[in-house]
Amino acid sequence: MNNTKQINGAAALWQSLIEEGVDTVFGYPGGQIMPVYDSLCDFEKDIRHILVRHEQGAIHAAQGYARIKGKPGVVIATSGPGATNVVTGIVDAMTDSTPLVVITGQVSSAALGTDAFQEADVTGLTGPICKWNYQIRRAEDVAWAVARAFYIARTGRPGPVVLDFTKDAQVGVTDFHYEKCDFIRSYVPEPRISDQCIRQAVELLDHAERPLVVFGQGVVLSGAEEALKDFLIKGDIPAGSTLLGLSALGSDFPLYQGMIGMHGNVAPNIMTNQCDLLIAVGMRFDDRVTGTVSSYATQASIIHIDIDPSEIGKIIPVTVGIKGDAGKVLRLLTEKMKPRKHREWLEGFRRCHAVEQEKVIDAELHPSGGDIRMGEVVDAVSRLTGEECIVVTDVGQNQMIAARYSRFSHSRSFISSGGLGTMGFGLPAAIGAKVASPERPVCLFVGDGGIQMTIQEFGTIMQEGIGVKMFLLNNDWLGNVRQWQELFFGKRYSQTRMLNPDYRLIAEAYGIRCIVVERREQLEGALRESLSDEAPVLVDIHVMKESNVMPMVPPGKGINQIMLSQNEWYE
Amino acid sequence: MENEVKEYTVIIYTENQIGLLSQITNVFTRHGLSIWSLSAGATSMEGIHNITIVTSGLEKKVRESVQQIEKRVDVIKVFFYTQNKIVYREVALYKVHTNCLLEGDIESILTRHHTRIVEMNKSFTVLQKTGTSEETAHLYDELKPYGILQFIRSGRIAISRAQQEPILRFLRKREKEKKQLNRQ
């Protein structure tokens with residue numbers, strides 16, 4: 001049977017994307033990608049192209065999309081500046097294990113290396129920062145390269161791949177025949193789980209008196225949410241989440257103890273240095289999670305489960321390292337371990353929570369007066385959306401407060417730039433999340449610093465009618481840096497004070513409704529109004545100017561050395 | 001012992017992919033490891049390339065780098081060894097004035113070092129010596145008084161003391177896994 005037909009490289013790209021189940025891409029045209037855009041006219045019934053306002057917006061939107069969908073987001077950019085504009089997003093996606101296929105235009109292969117107009121060495125630039133890249137120089141390579149790209153991006157520990165597509169390959173004619181990739185000799189996406197490691201881990205679990213689970217996004221990427229719950233219930237093991245693990249367990253799951261790390265909850269942080277067995281699942285011991293490594297859980301045996309063998313032992317020496325898919329490993333452990341009860345150990349967590357509630361949370365969520373606190377806003381949004389919304393954050397205080405006070409009832413409901421901490425991530429990521437999940441409310445928490453880094457994407461919201469709910473926690477400061485200056489740099493506020501524009505005028509210029517909230521009495525009504533329909537809205541909330549995110553494990557301190565306020569430490 | 005800086009030979013087998021070498025050397029740079037020698041070329045297995053790198057550092061650092069290199073999709077497998085686990089050689093070429101070969105006891109130096117003459121004409125002679133870097137350096141020192149016009153040394157190549165190329169076992173395993181996949 002001959003099912004091949006002759007098409008050009010650009011059409012082969014769209015055909016290949018369709019073969020991979022792609023129906024949405026985020027992009028921006030330009031000179032060296034024009035044949036691809038020309039060909040798009042023939043595929044408009046199959047492909048929705050979201051035209052962004054800056055390529056950085058495209059890639060963060062694709063990240064938001066991928067995190068919700070659990071499949072690769074697709075980005076299309078032109079050569080040179082188009083390609084360099086997506087570099088930040090590529091690193092971000094690599095750090096946060098987000099599957100992306102990024103397609104960049106490139107000058108004709110004959111002009112490569114001549115400093116041709118809009119030429120940049122894209123494979124050279126992106127080699128160290130992506131999972132895989134390839135320069136397509138012949139139309140006949142398109143199908144092969146796209147198939148490989150999708151296989152690599154989504155399997156194992158997911159990540160971004162880059163296809164650099166020369167103009168002659170876009171216009172060149174080829175036979176088209178698509179075959180999905182399911183094997184690459186040099187690439188082992190999922191290591192085989194070692195029986196011996198499972199036995200050793202079960203032995204540790206069966207004898208632990210004070211076990212603690214810390215889990216990360218690996219649980220979500222593996223689809224291991226239920227497996228994790230079963231494991232925790234059978235072992236009666238309390239669990240804390242990393243920033244990117246948030247929403248994998250529902251906020252009301254009885255053994256869930258909140259977030260770990262610098263601004264995490266007191267209980268799981270304190271107990272990290274008291275447990276006798278720490279079980280790390282699909283997480284990589286980021287320094288924002290561990291505090292000082294040399295004092296991190298040194299009293300405990302450590303089981304580390306990760307699909308990426310290079311993560312095991314990278315930061316924390318392990319007792320047992322289990323290489324493999326989180327869900328499969330957890331199911332094996334659950335099956336083989338004995339059921340346990342740890343009532344007394346769990347009681348200790350409740351005592352820590354009570355202190356945090358009294359010293360930190362009450363003041364943040366139920367202040368007796370004064371300016372609006374960021375926490376109140378996040379708490380109210382969670383309540384008003386019935387804990388059903390997808391929370392997207394930018395980076396900084398808005399992010400930490402949103403992470404601390406959002407409540408979740410579904411997995412894949414929290415999107416944030418974790419490892420790279422990319423300011424400007426939030427707004428475009430929220431756009432991508434809403435495109436991926438139009439039926440759920442998408443709520444963005446963003447600061448007045450971060451929103452201005454990608455505010456041009458208001459144009460995308462306008463043109464595509466994307467109903468994101470944007471909550472601007474506006475304090476006229478770069479709040480997180482200001483907090484560090486206050487606490488660790490002798491209150492020398494170097495370049496953190498911001499004079500803000502009138503956001504209402506900006507939003508309205510793009511046809512986006514804006515509600516300004518200056519006093520507490522306005523807050524509830526404004527939030528209700530903003531959430532009452534499907535339209536995009538910006539709520540510009542003037543919050544307390546100089547507030548600090550607490551609790552805090554200051555840099556250079558152990559994970560159990562926790563500030564509850566400027567002048568009080570947890571004891 | 002864990003905190004001892006040692007010399008390691010890193011042997012990398014890769015698919016023949018453009019740009020891979022720079023990604024590999026990048027990993028060394030990022031981990032603050034110097035590359036003392038590098039050699040690259042095709043292997044006896046079709047489509048598989050070998051890159052051999054000599055570096056020095058703490059075992060933990062080298063191991064971490066090796067894992068990061070192995071993570072590159074087109075890298076097939078990476079092995080790293082201390083000196084005693086491999087047989088290794090370098091090639092050095094020395095260009096000297098031909099008439100200096102008639103001087104002193106240079107003949108005995110060349111014999112002692114198993115040196116070969118690879119090109120000779122009226123004005124200069126190119127000598128070749130195969131050995132460890134210490135051995136090639138030693139010959140350099142002995143020839144120096146006679147005047148060395150040019151000197152060049154290759155990167156190290158190395159072969160493990162294991163019976164077979166360890167890469168073969170990995171490739172056979174992958175072949176089997178591919179067959180299983182096709183059956184499913």
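**Close-up views of a predicted two-chain model**

**View 1. Buried face of helix 14 in chain A.** In this predicted model, helix 14 of chain A spans residues 326–336 and holds the buried residues A326(A), G327(A), V329(A), L330(A), L332(A), L333(A) and T334(A). Against which elements do the buried residues of helix 14 of chain A pack? Their helical partners are helix 9 (195–207), helix 10 (218–222) and helix 11 (225–235) of chain A. Strand 12 (277–281), strand 13 (301–306) and strand 14 (320–323) of chain A also pack against these buried residues.

**View 2. Chain A as a whole.** Chain A contains 22 helices and 22 strands. Along the principal axes, its C-alpha atoms fill a box of roughly 70 × 60 × 40 Å. The radius of gyration of chain A is 24 Å, which agrees with the value near 25 Å that a compact globule of 571 residues would have. Of the 571 residues in chain A, 57% are buried. Counting contacts in chain A between residues at least 6 apart in sequence, 77% join residues at least 24 apart.

**View 3. Domains of chain A and the contact between domains 2 and 3.** The domain assignment divides chain A into domain 1 (5–176), domain 2 (195–348) and domain 3 (372–544). Taken over C-alpha atoms, the centres of domain 2 and domain 3 of chain A are separated by 31 Å. Domain 2 of chain A places 12 residues in contact with 15 residues of domain 3 of chain A. On the side of domain 2 of chain A that touches domain 3 of chain A, 6 residues are nonpolar, 4 are polar and 2 are charged.

**View 4. Six-stranded parallel sheet of chain A.** This open sheet of chain A has 6 strands in the order 16-15-17-18-20-19, with parallel pairing. Which strands stand at the edges? Strand 16 (414–415) and strand 19 (513–517) of chain A are the edge strands, and each pairs on one side only. Helix 18 (residues 426–436) of chain A packs on the sheet and touches strand 15, strand 16, strand 17 (442–447) and strand 18 (469–474) of chain A. The direction of helix 18 of chain A makes about 175° with that of strand 17 of chain A. Strand 15 (residues 390–393) of chain A pairs with strand 16 of chain A in the parallel sense over 2 bridges.

**View 5. Four-stranded antiparallel sheet of chain B.** Chain B has an open sheet of 4 strands in the order 2-3-1-4, and the pairing is antiparallel. Strand 2 (35–42) and strand 4 of chain B each have a single partner strand, so one side of each is left without a neighbour in the sheet. With direction ignored, neighbouring strands of this sheet are turned by 15° against each other on average. Strand 1 (residues 6–15) and strand 3 (residues 48–57) of chain B pair in the antiparallel sense over 10 bridges. T14(B) stands opposite H49(B) in strand 3 of chain B. Helix 5 of chain B packs on the sheet and touches strand 1 and strand 4 of chain B. Its direction makes about 150° with that of strand 4 of chain B.

**View 6. Contact between the two domains of chain B.** Domain 1 of chain B is assigned as 6–86 + 158–179, and domain 2 of chain B as 87–157. The centres of the two domains, taken over C-alpha atoms, are separated by 30 Å. The contact takes 10 residues from domain 1 of chain B and 6 residues from domain 2 of chain B. On the domain 1 side, strand 2, strand 3 and strand 9 (157–160) of chain B are the elements that give two or more residues. Strand 2 of chain B gives the most to this side, with 3 residues. By class, the domain 1 side has 5 nonpolar, 4 polar and 1 charged residues.

**View 7. Contact between chain A and chain B.** Chain B and chain A contribute 16 residues each to the contact. Which elements of chain B give two or more residues to the side that touches chain A? These are helix 1 (20–30), helix 2 (59–71), strand 4 (75–82) and helix 5 (166–183) of chain B. Helix 2 of chain B supplies the largest share of this side, 4 residues. The side of chain B that touches chain A divides into 4 nonpolar, 6 polar and 6 charged residues.

Definitions and conventions: Residues numbered from 1 in each chain as written. Chains lettered and ligands numbered in written order. Predicted model: local features only at pLDDT ≥ 70, side-chain atom pairs only at ≥ 80, totals over all residues. Pairing = 2+ DSSP bridges. Contact = placed C-beta atoms within 7 Å. Axes fitted to C-alpha atoms, helices over the stretch in contact; angles between N-to-C directions. Nonpolar A, V, L, I, M, F, W, Y, C, P; charged D, E, K, R; others polar. Rg over C-alpha atoms; globule rule 2.2 N^0.38 Å. Buried ≥ 20, exposed ≤ 12 C-beta atoms within 10 Å, placed from the backbone. Domains from an automatic or database assignment.
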